[in-house]
Amino acid sequence: MKNKITFLIFIFSAATAAGKAEAICPVCTVAVGAGIGLSRWLGIGDLITGLWLGAFLLSLALWAVDWLGKRKIRSPFAKFAVILAGYAMAIVPLYYAEITAHPIDFLRSATQDKLILGIIEGSTVFFFAVKLYEFLKERNHGRAHFPFEKIAIPIALLAFFSLILHFLTI
């Protein structure tokens with residue numbers, strides 16, 4: 001059952017990447033989605049899998065917020081609702097598939113459930129990676145330092161934190 005859910009998440013990421021978006025590049029989102037599928041297939045721990053899943057969910061949420069902005073929907077409530085719905089659509093099915101603890105009991109879930117904790121950490125790392133890219137690009141007069149920098153920074157930070165978490169949980 002767990003492999004089927006991971007496969008569905010990967011297929012959803014690939015289908016979503018077919019559309020054009022400017023907030024977060026499609027290649028980065030597909031790479032993060034592939035990282036989730038690969039980690040589950042290789043039997044990597046839930047903390048590291050959650051790290052990649054959190055980054056993937058935030059990436060999809062930022063896509064949706066960008067889509068709302070293009071349609072002149074700039075309400076903070078709408079953005080919050082879209083982000084909350086995005087996380088709920090991923091975490092609630094994981095609960096019903098008995099992969100995670102109850103998502104409503106947030107504090108207990110975050111401390112006892114490694115996948116939920118990984119999602120929180122991954123979302124945080126990905127958020128700061130996006131902000132780091134924007135900062136570096138701004139300091140370079142609005143240009144990237146090298147091709148695919150927008151992809152390389154989030155993937156490199158996620159890989160770095162995956163290694164840290166791996167060595168901390170051995």
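User: Buried means under 20% relative accessible area, exposed over 50%, and partly exposed in between (1.4 Å probe, protein chains only). So which class does F127 get?

Analyst: Bear in mind that this is a predicted model, where local features need pLDDT of at least 70, side-chain atom pairs count only at pLDDT 80 or more, and totals for chains, interfaces and linings use all residues. Residues are numbered from 1 along each chain as its sequence is written, and side-chain values use heavy atoms, with hydrogens and water left out. F127 has a relative accessible area of 38%, so its class is partly exposed.

User: What is the average pLDDT of the protein?

Analyst: pLDDT is the predictor's confidence in each residue, from 0 to 100. Residues 13–23 stay under 50, while 72% of the residues score at least 70. The protein's average comes out at 78.

User: Where does α4 bend?

Analyst: A bend is the angle between axes fitted to the seven residues ending at a position and the seven starting there. For α4, that angle is about 25 degrees, and the residue is A88.

User: Which residue caps the N-terminal end of α4?

Analyst: Look for a polar contact: N or O atoms within 3.5 Å, one able to donate a hydrogen and the other to accept it within protein, with sequence neighbours counting only if both atoms are side-chain atoms. A side-chain oxygen lies 3.2 Å from the backbone nitrogen of F77, and that oxygen belongs to S75.

User: Is A81 buried or exposed, or something in between?

Analyst: A81 sits in α4, where the buried residues include A78 and Y87. A81 itself has a relative accessible area of 31%, so call this one partly exposed.

User: What geometry does the F127–F128 ring pair have?

Analyst: Phe, Tyr and Trp rings (six-membered ring for Trp) pair with centres within 6.5 Å; planes under 30 degrees apart are stacked, over 60 edge-to-face, and the rest tilted. The structure holds two such pairs. In F127 and F128, the centres are 5.5 Å apart and the planes lie at 75 degrees, so the pair is edge-to-face.

User: And what is the angle between the planes of F160 and F161?

Analyst: F160 is partly exposed at 46%, and F161 is partly exposed at 33%. Their rings are edge-to-face at 5.6 Å centre to centre, with the planes at 85 degrees.

Methods: Helix = DSSP H or I, 4+ residues; strand = E, 2+ residues; numbered from the N terminus. Contact = heavy atoms within 4.5 Å.
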